[in-house]
2 protein chains.
Amino acid sequence: MIFGFNGDQIYVLLIDRENQLKNVISEYALPGNLIRDDENLDMAAERVLKELTGLSVIYLEQFGAFGDPDRIKKKEDQPWLKAVRSIPNARVITVGYYSLIRMSDYELNPSSFAKNAKWMPLNSIKKLPFDHLKILNSSIEFLRSNTKIKPIGFNLLPEKFTLNQMLKLYEAIFNKKIDNRNFRRKIINLNILDKLEEKQSGVAHKPANYYKFNKKRYETYLESGFFKFEF
Amino acid sequence: MIFGFNGDQIYVLLIDRENQLKNVISEYALPGNLIRDDENLDMAAERVLKELTGLSVIYLEQFGAFGDPDRIKKKEDQPWLKAVRSIPNARVITVGYYSLIRMSDYELNPSSFAKNAKWMPLNSIKKLPFDHLKILNSSIEFLRSNTKIKPIGFNLLPEKFTLNQMLKLYEAIFNKKIDNRNFRRKIINLNILDKLEEKQSGVAHKPANYYKFNKKRYETYLESGFFKFEF
DNA sequence: ATTACTTAATGTCATAATAACGCTTTAACA
DNA sequence: TGTTAAAGCGTTATTATGACATTAAGTAAT
């Protein structure tokens, strides 16, 4: 699950399976790949992410394992299984990871796999092949409950951001309106933001101040306690 | 991970591998088994739990997947892999589930597998084979953060319990002293306990009142919100 | 130069939740 | 009847929360 944010809504990176299955109409699915014998789960997730986006050192966290047995019958639907010719009816277990990336930083990696990758607004995704919708929903739930205890949202924002951008992100994650005054107070009190000198420019209104995430200060806090992030 | 509570500390059910490996001194490991082709992950976890404890309809939740590649070299250390003769060097991915069971309800199931099962105090477990210690620690972390948002502790207590028993359980889970007066107030205010008529007997002091968990009321609350359980 | 327009930024107050305590009450046993 | 161990009640200071309305700072239009 690769989440992105464009300042307004949450996006998810999907892969068009069309190229791999000529006889099926264009259909988007979650990215994924088989694990190699010489890597652990985290490494595999990092590799797949890198193959797709060209990005590394990204927030990446496991959120669950999935594996219904009826997948066995569907080998022909799972392009990546074609590589495993030695196993006639492979049972597939998916280990789900989610990553949060800055869409602004993101450039599609010109690898063959990534050519047919596409950002889709989270809210517009109503159907996905296999159990991918279940996986998607599970990852969102995980993202939400994680956001309640850690300020992970920073990974989705640009390096410098305004408090309103951040507010919009949180509204997108929790899918509800949040009072901006209370939000500001809470975020500021956490003491993990540095207010920059720089302001927005070229806007036809009062420019917003830019802030930056102070990771060092954040880690100090983490050791000595526990965040609560509820809105 | 099978957690139990005896009124004083948290226990974990371990399996003695001795019977399976004659040339190794007695060594305890986490219970586990291979998944079957016709079951999903949840079903497999339930089955293994049932094989071990004879219990079903137990609190059971997935907490993570684990799989370092160096396991490949250790097939001879993994008794259950002997069943898979067709795969010379099987890569093993563990999907971890944890369950909470009432030690009082528990009777060792007289199956061959369970004969060498043993309850071990959580705090006394300093070393386990393979990556089992990592898995154990991960499950405890999961148990803690889960206990902070849901009152899952009831699954570890007997049907009828006193508030002090419950307090002791929470102290064991979080590994710290909790003020009993504040604890009581908080728990009572949640409104998910039924105070019974029955009291403790045979104690040389004021007997404690028994309480019972009201699951129905709890579920009503769940729908309309979210628990917070911090001490 | 003035005004209009748009979004950023800020303050207060009532209420609820929390943590840290002290003290009294109770029932069983010796 | 006294002792004991825990139950049970209560207070207070502090902090967190939610609800709410106005002013500030820039650009654009006239």
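Me: How far is a polar side-chain atom of Asn164(B) from a phosphate oxygen of DNA strand D?

Reply: Asn164(B) puts a polar side-chain atom close enough to a phosphate oxygen of DNA strand D to pass as a polar contact (a pair of N or O atoms within 3.5 Å; within protein, one must be able to donate a hydrogen and the other to accept it, and residues adjacent in sequence count only if both atoms are side-chain atoms). The value computed for this pair is 2.3 Å.

Me: What sort of model are we looking at?

Reply: Residues are numbered from 1 along each chain as its sequence is written, while chains are lettered from A and ligands numbered from 1 in the order in which they are written. Side-chain values use heavy atoms, with hydrogens and water left out; local features need pLDDT of at least 70, side-chain atom pairs count only at pLDDT 80 or more, totals for chains, interfaces and linings use all residues, and the model is predicted.

Me: Which element gives the most residues to the surface near DNA strand D?

Reply: Helices here (H or I, at least four residues) and strands (E, at least two) are DSSP runs, numbered from the N terminus. With 4 residues, the top contributor near DNA strand D is H4(A).

Me: Which residue of chain B has a polar side-chain atom 2.3 Å from a base nitrogen of DNA strand C?

Reply: DNA strand C has 23 residues around it, and Asn164(A), His205(A), Asn209(A), Arg181(B) and Lys206(B) come nearest. Asn164(A) goes for the phosphate, with a side-chain N or O atom 2.4 Å from a phosphate oxygen. Lys206(B) uses a backbone N or O atom, 3.3 Å from a base nitrogen. The side chain that sits 2.3 Å from a base nitrogen is that of Arg181(B).

Me: What share of the atoms of DNA strand C within 4 Å of the protein belongs to sugar or phosphate?

Reply: The atoms of DNA strand C within 4 Å of the protein belong either to sugar or phosphate, or to bases. The sugar or phosphate share is 60%.

Me: How many salt bridges does the rule find across the interface of chain A and chain B?

Reply: On contact (heavy atoms within 4.5 Å), 22 residues of chain A meet 22 residues of chain B. The two chains bury about 1600 Å² between them, 57% of it on carbon and sulfur atoms, where buried area is the accessible area (1.4 Å probe) that two parts lose on being put together, summed over both. A salt bridge needs a side-chain nitrogen of Lys or Arg within 4 Å of a carboxyl oxygen of Asp or Glu. Across this interface the number is 0.

Me: Why does the salt bridge of Lys150(A) and Glu61(A) tie together parts of the chain, and how many residues apart are they?

Reply: The side chains of Lys150(A) and Glu61(A) meet at 3.3 Å, N to O. Lys150(A) sits in the loop between helix H2 (132-147) and strand S7 (160-161) of chain A and Glu61(A) in strand S4 of chain A, so the pair joins parts whose separation in sequence is 89 residues.

Methods
Near = heavy atom within 4 Å.
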